[in-house]
Amino acid sequence: MLELDDVSRSVGGETHISDVSLTLARGSLNVLLGPTLAGKTSLMRLMAGLDQPTAGRIRMDGADVTGVPVRRRNVAMVYQQFINYPAMTVYENIASPMHLKGIGKAEIDAAVRRAATLLKLEPYLDRTPLNLSGGQQQRTAIARALVKNADLVLLDEPLANLDYKLREELREELPRIFAQTGAIFVYATTEPHEALLLGGTTITLSQGRVTQVGPTADVYRRPADLLTARTFSDPPLNVLSLEKRGGVFASTSGFRVAVPQRFAALQDGPWQIGIRPHALRPWSGRPEATRLKGRVVLSEVTGSQSFLHVDWDETRLVALLRGVHRVEAGDPIELEFEPDDMLVFSPDGRAAQACASTPLAA
Amino acid sequence: MTTTDIGARTGADALPPALHSEAAIKARTRQASGRFRPKALIPILYIVFLLLPIYWLVNMSFKTNTEILSSFTLIPANPTLRNYEVIFTDPSWYMGYVNSIIYVVMNMVISVAVALPAAYAFSRYRFLGDKHLFFWLLTNRMAPPAVFALPFFQLYSAFGLIDTHIAVALAHCLFNVPLAVWILEGFMSGVPKEIDETAYIDGYSFPRFFFKIFMPLIASGIGVAAFFCFMFSWVELLIARTLTVTDAKPISAIMTRTVSASGMDWGVLAAAGVLTIIPGAIVIWFVRNYIAKGFALGRV
């Protein structure tokens, strides 16, 4: 079990990580989700012991490891760039952490071959990493992390530089491969859908702070604040500033949407409404849905999906529509969404409690 | 505006279209052929001028002194190996090469060994005044060696190091260590820092990482640095001559003292010159690819 206790790190007066407290259980899959510069790599470096925190303690299985150099901790790390030892063959690369532990030759050989089989590297064991493709190089790095049998495995956007197909394949395999080792598995990513596909626990980061920790699906469905919702939405979350007046959220320009039952107890006043891009659909005419009339600014078609950038009431909305919708810029468009798909946040960005029983602070 | 406009148009229209294009093509070919000749000529001339003195040196080394002094011949009339024989049989000649090689190799080893950790520090760590220190190191090369001849002589005689190989090797370090640091820093900065960290994560100790992982990655940089140390130390005359008397006298110093009772021995001097060029040529041959790499990294 890895515990971070109010860990902070600042470099030259600039705060990289502030007051992070986390508990990561053995055998758990943890996804660090945040945009670039959110502090994912900084946090991983602290967990690994490559950097030392300026405040706070780090404990591994109850023992304080703050300040213990990385050599004496049993961690493995895979970087976004494909980092291997270029002067060694793939075999020697994978074997090197075991060599240093003084494990017998036969045992090393067995472990290397097992890892190579698992990561489909057998034909390349005698080559040097620079003679391999990017995907093979990264799999070599992953194999090296795997054979080490580390207590803590840190993967820092390991698939970001790989091509699409390989990424899909490895993303599926990685958690499975490491699950057997019983290690604490930490995976950093900028992509919300990658977090959703991995499952496990998601830790959302924003500007060096942890904004929410919880089971991935829960964090996605019930973000604790607007920051988390924005982090966990790709394409970017649409945010409407509306005012609650009794049973409706209304805009100054006369747009109205009925307040869903679960938000009925909210105070009247200004609220921020988040609508995910895929929750917007072309207007079907159904009475339960809410209609938005806007003007298309830009439409992008990506095979089976269309992104529409729509100007609505001085707000730029992004809609992710299924199927091909060819719309010219400047055309009027009618979209709809289900009031139940709304995420409601207070003006200072905290999520409105959905349950009616809880009294609310606006 | 209208007049110039009309004038321009009539000027273009005055030529029939066919003639117009023909003239254009002619002009173009004239231009192309005119540009072609000096383009090829310049490098040819350059190489001829560069090689002429070297050819003359080789030419002279196979001639007898009488031929050198009495006639002008492009090819030796009576080719002779006597000049080389003199050098290879007379210890006062060939020991010059041995002495030079000894202190050059010593200097290469010391310079690279000292520069490696220094360059690693400059490339991997940020510390107070690192940039200034780096620049200051380089400024050591800006002073001509003559400036240091007198203080070196005083200092080394105080320590009883005059006329030893190590004296010359150490003196040359003043110029070669900064250069080696500068070259190696460039190569080291080309190695991602993540490789260092991965090695520490894997459990490598620093010395083990440095020798097993890091040095192979900058092998070409070490080669280039050693080459430049060799080149400087091999051709440097003033300090080497000041600090030596007989036991460690370098070949370049011996070559300046060939006036004997029988006059100047031109042929032997030419042969000595040829033999001095050869080690440098051999070293260049071995490191030529690495030097290109060094240029690509913006160093050298």
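**Figure 1. Domain assignment of chain A in the predicted model.** In this predicted model, the domain assignment divides chain A into domain 1, covering residues 2–231, and domain 2, covering residues 238–345. The C-alpha centres of domain 1 and domain 2 of chain A are 38 Å apart. Four residues from domain 1 of chain A and four residues from domain 2 of chain A take part in the contact. On the side of domain 1 of chain A that touches domain 2 of chain A, three residues are nonpolar, none is polar and one is charged. Chain A has eight helices and 20 strands, and the C-alpha trace of chain A spans about 75 × 45 × 35 Å along its principal axes. Of the 362 residues of chain A, 38% are classed as buried. Among the contacts in chain A with a separation of 6 or more, 66% are between residues 24 or more positions apart.

**Figure 2. The cis peptide bond at A:Pro235.** The peptide bond that runs from A:Asp234 to A:Pro235 is cis, and its omega is near 0°. A:Pro235 belongs to the loop between helix H8 (226–231) and strand E11 (238–245) of chain A.

**Figure 3. Helix H2 of chain A and its surroundings.** Within helix H2 (residues 90–101) of chain A, the buried residues are A:Val90, A:Asn93, A:Ile94, A:Ala95, A:Ser96, A:Pro97 and A:Met98. These buried residues of H2(A) pack against helix H3 (105–118) and helix H4 (134–147) of chain A, and also against H9 of chain B. Just after H2(A), A:Gly102 adopts a positive phi of about 75°.

**Figure 4. Positive phi values at two loop residues of chain A other than glycine.** A:Lys120 is located in the loop between H3 and H4 of chain A. Phi of A:Lys120 is near 55°, a positive value in a residue other than glycine. A:Lys120 counts as partly exposed because 14 C-beta neighbours lie inside 10 Å. A:Gln207 is located in the loop that connects strand E9 (201–206) with strand E10 (209–215) of chain A. Phi of A:Gln207 is likewise positive, near 50°. With 15 C-beta neighbours inside 10 Å, A:Gln207 is also classed as partly exposed.

**Figure 5. The contact between chain B and chain A.** Chain B contributes 14 residues to the contact and chain A contributes 17 residues. Helix H9 (193–202) and helix H10 (206–217) of chain B each provide at least two residues of the side of chain B that touches chain A. Of the elements on that side, H9(B) gives the most, with seven residues. By residue class, the side of chain B that touches chain A comprises eight nonpolar, three polar and three charged residues.

**Figure 6. The crossing of helices H5 and H11 of chain B.** Chain B contains 14 helices and two strands. The axes of helix H5 (residues 91–124) and helix H11 (residues 219–235) of chain B come within 9 Å and cross at roughly 140°. H5(B) and H11(B) are therefore oblique to each other, and their crossing is right-handed. From H5(B), the residues B:Ser100, B:Tyr103, B:Val104, B:Asn107, B:Met108, B:Ser111, B:Val112 and B:Ala115 meet B:Ile222, B:Ala225, B:Ala226, B:Cys229, B:Phe230, B:Ser233 and B:Trp234 of H11(B). The residues of this contact comprise eleven nonpolar, four polar and no charged.

**Figure 7. The crossing of helices H8 and H11 of chain B.** The axes of helix H8 (residues 165–189) of chain B and H11(B) come within 9 Å, with a crossing angle of roughly 155°. H8(B) is therefore roughly antiparallel to H11(B). The crossing of H8(B) with H11(B) is right-handed. On H8(B), the contact is formed by B:His172, B:Phe175, B:Asn176, B:Leu179, B:Ala180, B:Ile183, B:Leu184 and B:Phe187, and on H11(B) by B:Gly221, B:Val224, B:Ala225, B:Phe228, B:Cys229, B:Phe232 and B:Ser233. The contact of H8(B) with H11(B) consists of eleven nonpolar residues, four polar residues and no charged residues.

Figure 8. B:Gly190 is placed in the loop between H8 and H9 of chain B. B:Gly190 is partly exposed, as 16 other C-beta atoms lie within 10 Å. The C-alpha atoms of B:Gly190 and B:Leu217 are separated by 9.5 Å, although these residues are 27 residues apart along the chain. Of the 300 residues in chain B, 29% are buried.

Notes. Residues are numbered from 1 along each chain as its sequence is written. Chains are lettered from A and ligands numbered from 1 in the order in which they are written. This is a predicted model: local features need pLDDT of at least 70, side-chain atom pairs count only at pLDDT 80 or more; totals for chains, interfaces and linings use all residues. Axes are lines fitted to C-alpha atoms, for helices over the stretch in contact, and angles run from 0 to 180 degrees between N-to-C directions. Helices (H or I, at least four residues) and strands (E, at least two) are DSSP runs, numbered from the N terminus. Angles under 35 degrees count as roughly parallel, over 145 as roughly antiparallel, 65 to 115 as roughly perpendicular and the rest as oblique. A crossing is left-handed if the near helix is turned anticlockwise from the far one by less than a right angle, and right-handed if clockwise. Two residues are in contact if their C-beta atoms, placed from the backbone, lie within 7 Å. Ala, Val, Leu, Ile, Met, Phe, Trp, Tyr, Cys and Pro count as nonpolar, Asp, Glu, Lys and Arg as charged, and the others, Gly among them, as polar. A residue is buried if 20 or more other C-beta atoms lie within 10 Å of its own, exposed if 12 or fewer, and partly exposed in between; C-beta atoms are placed from the backbone. Domain bounds come from an automatic or database domain assignment.
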